[in-house]
Amino acid sequence: MRLSDGERLSDQEEVRRNKLTQIISCGYNPYPADEFLVTHFSHDITTTYSDAIQEQYKNVHVAGRIMSINDRGKVVFLKIQDSKGLLQLYVRRDDLCKDGDTKLWSGLVQNLDLGDIIGVKGFVFITKTGEISLHVESLQLLTKSLKPLPVVKRDAEGHVFDEVTNPEFKYRQRYADLVINPDSRNVFILRTRIIQFIRDFLNQRGALEVETPVLQSIPGGANARPFVTDYNALNTKFYLRIANELYLKRLIVGGFDWVYEFSRNFRNEGMDKTHNPEFTILESYTAYKDYYWMMNLIEQLIEQLVLTLHGKTDIELQGRVVSFKAPFKRVAILDAINKALLTGIQGGKFSADFSEPIELWDNSKLALFCTTVLHIAPVKINTLGRGKLIDTIFGELCEADFVTPTFIIDHPVDMSPLAKKHRLKKDLVERFELYVNGKELANAYSELNDPIDQYKRFGEQLQLSAKGDDEAMYLDSDFLRALEYGMPPTAGVGIGIDRLCMLLSNQASIKDVLLFPHLKPE
RNA sequence: GGAUCCUUAGCUUAGUUGGUAGAGCAUCUGACUCUUAAUCAGAGGGUCGUCGGUUCGAAUCCGACAGGAUCCA
């Protein structure tokens, strides 16, 4: 008996299939359809039970997966795991088989394996060794498990047996990882709590959650290579969205004054510890506000989120304590770079040729710095515009320094084609990025709403594209048409949800905060 | 895309100038009606990622491929 071609069954799998046959031949259904009424969860019992209130625990129904079996002959101790934790079951043959017919014992109980899912009824008591347990009066199989589960065992000294450490196993068989590894499960519970917190935070302030197209005819709103697909009914190429920004702005044009969406975005690019081609960004746009207002909002959001999850605003990240107390530091990106240049020159890392403030450098000097100091291939640099060069220098020189939450603000105009020009500072835009633990967590602008300026910016992107920058933005004339009707002054923000989850769950890889990260097919 | 490393039983792994694989947990058989890594006595389970080469002989050396991890681009 096999489920798929070419796969030989292991001895343990053969054994389980034989047990399945025995269970069926004894008249028990290994996959019953009936509802099993659950009255209690493991954790609730083990945290609230005491002998003083045992009357309330006389008829308890629990269901879960068998995680340990301690067979003592005519008594078996089982531990089952439900969604909230573990509960020990005390199963006695003579309690299950009161009429002397031991078929249930020999036909079913003795054919149970680790991983089987059972439903039990009984009363709660405390064993001689002091463990709150369920004395089982009836037991039924709810699902037979045919594949051995590498259940983790721990001894009294804390030695761990059978813990799956192979990351490929965890990622490919997340279902198994979630069963055997509570740490994994907790990360994903935390992820949901984070998303719920943000949703509540925005809803309480009057924001409207919306849904915009995942399939787009023009992949706009970001600099990235898209996934392409054929749209049969419309007989044209479509793209999976790289961002939802331009659609949310269309909604601001339409008169909604605060919208947001948790947007699953797709970028056809490399994957590493912080990038998965499919990822989640929260985008939110608010009419009549600017990026200063947005900075205040975001620092409130992050501070309160950390406070809610951890009960305090100072938390430990990779061995150092980081404060999330608002307000966060605000540093102009050019100031940050100039400071790093000065430090580098004083430390002898680069020559004094680069002592002039970076805003005065011409493009050839930027390129020279990138090739000689940062050792970036000239072929690549030739495709980059001024803004991307400066962004690259910031990434290399400064990014890692911003461990405590810091707003990096006022970027050069040509690296921010959707941001409004700064009200005071020439050649800059009203933009901020939030850096925490050396990584970009959020990106926001006072949104560009001047359709003529926006048209010019798209034009500059087209020129970059012609130079070979395959991430330059596409021109979206429908978006320009929307802007021509008039979009009120608007502040917009995007928060990387995956990175936020990595940060707050202290995970080093994005794969550890994605339930099903992409891997090559087996 | 480049460099380095990894792939041995269900899981974790040992395997020393190349001599047809050893363990713990899990599994199976037997004993045990309050155990908790239960214990005790026995047993089975591996085409050592795949394919090819060198050799009398390959888990081990060489090559290609596949998957994964880390770092770089």
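Biologist: Which residues form one aromatic cluster?

Modeller: In this predicted model, Phe-77, Tyr-90, Phe-123 and Phe-125 do. Rings of Phe, Tyr and Trp (its six-membered ring) pair if their centres lie within 6.5 Å; planes under 30 degrees apart count as stacked, over 60 as edge-to-face and the rest as tilted. Local features need pLDDT of at least 70 and side-chain atom pairs pLDDT 80 or more, while totals for chains, interfaces and linings use all residues. Side-chain values use heavy atoms, without hydrogens and water, and residues are numbered from 1 along each chain as its sequence is written, with chains lettered from A and ligands numbered from 1 in the order in which they are written.

Biologist: Why is the pair of Phe-394 and Tyr-435 called edge-to-face?

Modeller: Their planes stand at 65°, which is over 60, and their centres are 5.4 Å apart, within 6.5 Å; therefore the rings pair edge-to-face.

Biologist: Why does Phe-394 count as buried?

Modeller: Buried means under 20% relative accessible area, exposed over 50%, partly exposed in between (1.4 Å probe, protein chains only). Phe-394 has 0%, so the residue is buried. Tyr-435 is buried as well, because its relative accessibility is 2%.

Biologist: What makes Arg-250 a charge over the ring of Tyr-247?

Modeller: The criterion is NZ of Lys or CZ of Arg within 6 Å of the ring centre and within 35 degrees of the ring normal. The charged end of Arg-250 sits over the ring of Tyr-247, 4.4 Å from its centre. Lys-103 likewise lies over the face of Tyr-28, at 5.3 Å from the ring centre.
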